[in-house]
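Please open the model in a viewer and keep the sequence panel beside it. The stops below proceed by selection, each with a note on what is found there.

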Amino acid sequence: MLRFLVLTSLAALVLAKLEPQPRYLKDSFERVVGGEVASPNSWPWQISLQYQSGSRFYHTCGGSLIRRGWVMTAAHCVDSIRTYRVVLGEHDLNVNSGREQVISVNQIYIHPQWDSSRVSNGYDIALLQLSSDATLNSYVKLAALPPSGQILPHNNFCYITGWGRTSTGGSLSAQLKQAYLPVVDHKTCSSSSWWGSTVKTTMVCAGGRAEAGCNGDSGGPLNCQVNGQYYVHGIASFVSGLGCSYPQKPTVFTRVSAYIEWMNSILY
């Protein structure tokens with residue numbers, strides 16, 4: 001029975017089966033697997049999405065700044081009623097460098113076809129309207145989004161970024177990490193020995209080797225290089241329940257280029 005894990009908010013990994021429908025399994029072990037600590041603010045559109053518990057805020061997901069007052073993340077990161085804020089210009093979650101901008105989330109727009117009980121259907125995307133605009137500088141910049149419908153070729157050069165662990169069950173890194181995850185084309189990723197019919201055309205696969213994304217990277221960007229520039233082509237969505245870096249089970253992302261028209265209907 002094929003199983004997979006959704007990269008959920010609040011450090012909750014989702015255990016799912018194709019039959020029956022997905023169910024949730026609490027876990028708090030895995031985040032970025034493999035890779036290295038990124039240079040501070042080298043991915044200046046990366047944000048830390050945080051939720052309030054008591055008087056404190058806690059990191060739960062990643063996301064991308066796509067307009068001065070808008071953030072793009074995964075639907076499963078924000079489908080619980082909570083108070084959220086985003087931290088821009090962040091590198092080390094435990095250290096205040098003076099470069100951070102903290103802005104509360106004013107409104108959440110989840111794709112209307114998102115269904116948390118049917119994760120493999122897709123539509124794992126949400127837009128967050130901030131209470132005020134970010135100040136753009138060398139530490140905080142807007143993500144570049146791909147043109148609508150663009151499909152990247154097999155092995156296209158990409159990086160996943162997020163806060164998390166060096167290895168499965170390893171020590172937690174509070175510093176932003178990056179891991180090289182080349183694209184796996186849809187024909188390969190949807191083949192029976194890989195993800196099969198779980199992967200839809202509105203998704204993009206990347207990795208499947210030693211590096212992978214886990215729950216700490218939920219909602220965070222898949223940064224892909226096209227003609228010398230990085231574009232956010234994916235939103236981290238789910239990984240295999242057999243293990244974060246299980247062979248032929250690459251990390252699965254929401255394909256951003258499949259939702260450009262929906263985002264534009266909210267943004268404009």
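Does asparagine 227 count as buried or exposed? Select this residue: at 80% relative accessibility, asparagine 227 counts as exposed, where buried means under 20% relative accessible area, exposed over 50%, and partly exposed in between (1.4 Å probe, protein chains only). Asparagine 227 sits in the loop between E15 and strand E16 (229–240). Although it is not a glycine, asparagine 227 has a positive phi of about 50°.

The model is a predicted one, in which local features need pLDDT of at least 70, side-chain atom pairs count only at pLDDT 80 or more, and totals for chains, interfaces and linings use all residues. Residues are numbered from 1 along each chain as its sequence is written, and side-chain values use heavy atoms, with hydrogens and water left out.

**The whole chain**

Of the 268 residues in the protein chain, 55% are buried. Among contacts (heavy atoms within 4.5 Å) between residues at least 6 apart in sequence, 69% join residues at least 24 apart.

Next, colour by pLDDT, the predictor's confidence in each residue, from 0 to 100. The chain averages 84, and 79% of the residues score at least 70. Select residues 8–31: the pLDDT there is below 50, and this stretch has 87 contacts in the model beyond near neighbours in sequence.

Move to asparagine 41, in the loop between strand E4 (36–37) and strand E5 (46–53). Asparagine 41 also has a positive phi, of about 60°, although it is not a glycine. With a relative accessible area of 12%, asparagine 41 is buried.

**The disulfides**

Now show the cysteine side chains. A disulfide is a covalent bond between the sulfur atoms of two cysteines. Taking a disulfide as a pair of cysteine sulfur atoms within 2.5 Å, the count comes to three.

Select cysteine 61 and cysteine 77, joined with an S to S distance of 2.2 Å. Cysteine 61 belongs to strand E6 (residues 56–67), while cysteine 77 lies in the loop between strand E7 (70–73) and strand E8 (84–88), 16 residues apart. The torsion about their S-S bond is about -90°, so this disulfide is left-handed. Cysteine 61 counts as buried at 0% relative accessibility, and cysteine 77 counts as buried at 0% as well.

Continue to cysteine 158 and cysteine 224, whose sulfur atoms are 2.1 Å apart. Cysteine 158 lies in strand E11 (residues 158–165) and cysteine 224 in strand E15 (residues 221–226), so the pair ties together parts that are 66 residues apart in sequence. Here the S-S torsion is about 105°, so the disulfide is right-handed. Cysteine 158 is buried, with a relative accessible area of 0%, and cysteine 224 is buried at 0% too.

Finish with cysteine 189 and cysteine 205, whose sulfur atoms lie 2.0 Å apart. Cysteine 189 is in helix H1 (residues 186–189) and cysteine 205 in strand E14 (residues 203–206), 16 residues apart. The link is left-handed, with -85° about the S-S bond, and both cysteine 189 and cysteine 205 are buried.

Terms used
Helix = DSSP H or I, 4+ residues; strand = E, 2+ residues; numbered from the N terminus.
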